Amino acid sequence: MESRQDITKRVEQALSGLDGIRRASPGPYFYTRLRARMEAEPPRTAWERMGMFLGRPAIALAVVLLILASNTVLLFNHTGNRKAATATQALLNAENGQAGVQNPENAYDLASNSNTAILNILDRENE
Amino acid sequence: MDERLLIEQLRQGEEAAFRTIVETWQDMVYNTALGIVQQAEDAEDIAQEVFIQVHQSIGQFKGESKFSTWLYRITVTKALDHQRRRRRKKRFGLVRSLFSAENEPVVDPADFQHPGILLDRKEHAGLLFAAIRQLPENQRVAFTLHKVEGLSYQEVSEVMNTSVSSVESLMHRARNNLKKYLENYYRKNP
């Protein structure tokens, strides 16, 4: 078994493994190979670049999450509007002496009349 | 030749300027890519991609940083992208191997030898490169730029778009992680 000192010494030696390193070169005729590749691969169009960008897993995932989030927000807003319309109708009914909404399913039917109800209130206020 | 003049000539589409730019900076780009991906063929591919991008998007170079800094940034980005693609391919290959008998495994460059290493340090350097592969990306980039490309902390901070103190911290953590890896290795392989 190696002593702790030996290991430390070998680690330090390994860490100095890159001392004095020289730059590597790509080999001769790099420019010729580069030109050949550039001629073989025409420059990408803007659409191709956009496709590649959207095709990245992180970007694609972000787009999917964004769509899901916007759908969720729209859904909640829609539900919220319906509840508000139902509440308005219930108030109107109470004002007119009618019974409140007993059945929750009917509440959704009442929502479609909410605009008319609001217009009626406005007319009454104007009178 | 004056760097700004070359860039201006490349903007105007002069091929001679492009050739001069490639020949001036090809070693720097190739060596940086090689330090990160640790495979000669991949490093050459990346170096070519870097110069193709330079040719196509020289208009985007505003001259706010040095041209070499811009080149380093493109090279590092492309080399890291290459590494990520390689890791994804490796993971995918692993999953595929569960369902298929015949497939080509993605091999890690386990015994990478940098051609610029001094002869008496080859063994240590090989082990050190294997340890560098285990580092997180930021530490790997900082360590490679400093040790393989010989950039100062100031230059590394400009390439990585961060402060000098952040580079010092990255280097400190990189060195600690490398020590841990090497100690482990020597304990298991006395």
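Here are some notes on how chain A and chain B meet, and on a nonpolar patch on chain A.

1. **Ground rules.** This is a predicted model, where local features need pLDDT of at least 70, side-chain atom pairs count only at pLDDT 80 or more, and totals for chains, interfaces and linings use all residues. Residues are numbered from 1 along each chain as its sequence is written, chains are lettered from A and ligands numbered from 1 in the order in which they are written, and side-chain values use heavy atoms, with hydrogens and water left out.

2. **The contact.** Chain A puts 31 residues into the contact and chain B puts in 47; contact here means heavy atoms within 4.5 Å. Together the two chains bury about 3700 Å², 62% of it on carbon and sulfur atoms. Buried area is the accessible area (1.4 Å probe) that two parts lose on being put together, summed over both. On the chain A side, L15(A), L18(A) and Y31(A) lose the most area to chain B, together 18% of what that side buries.

3. **Charged pairs.** Side chains of opposite charge can pair when their charged atoms come close. The rule for a salt bridge is a side-chain nitrogen of Lys or Arg within 4 Å of a carboxyl oxygen of Asp or Glu. Take R35(A) and E15(B), whose side chains meet at 2.4 Å, N to O. Another salt bridge links K179(B) with E12(A), with the closest N and O atoms 3.7 Å apart. K179(B) sits in helix α8 (residues 164–188) of chain B and E12(A) in helix α1 of chain A, so this pair joins two chains.

4. **Who supplies the chain A side?** Helices here are DSSP runs (H or I, at least four residues), numbered from the N terminus. Both α1 (4–15) and α2 (30–40) of chain A give at least two residues to the side that touches chain B. The largest share, eight residues, comes from α1(A). By class, that side of chain A has 14 nonpolar, five polar and twelve charged residues.

5. **A nonpolar patch.** Have a look at W47(A), M50(A), F53(A), L54(A), V63(A) and I67(A): they form a nonpolar patch on the surface, with about 630 Å² of accessible area together. To join such a patch, residues need over 30% relative accessible area and no salt bridge, with nonpolar side chains joined within 5 Å. Helices α3 (46–55) and α4 (57–95) of chain A each supply at least two of its residues. The largest share, four residues, comes from α3(A), the helix where you'll find F53(A).

Methods:
Ala, Val, Leu, Ile, Met, Phe, Trp, Tyr, Cys and Pro count as nonpolar, Asp, Glu, Lys and Arg as charged, and the others, Gly among them, as polar. Patches are made of residues with over 30% relative accessible area and no salt bridge: like charges are joined within 9 Å, nonpolar side chains (Val, Leu, Ile, Met, Phe, Trp, Tyr) within 5 Å. Accessible areas come from the Shrake-Rupley method with a 1.4 Å probe; for residues, only the protein chains shown count as cover.
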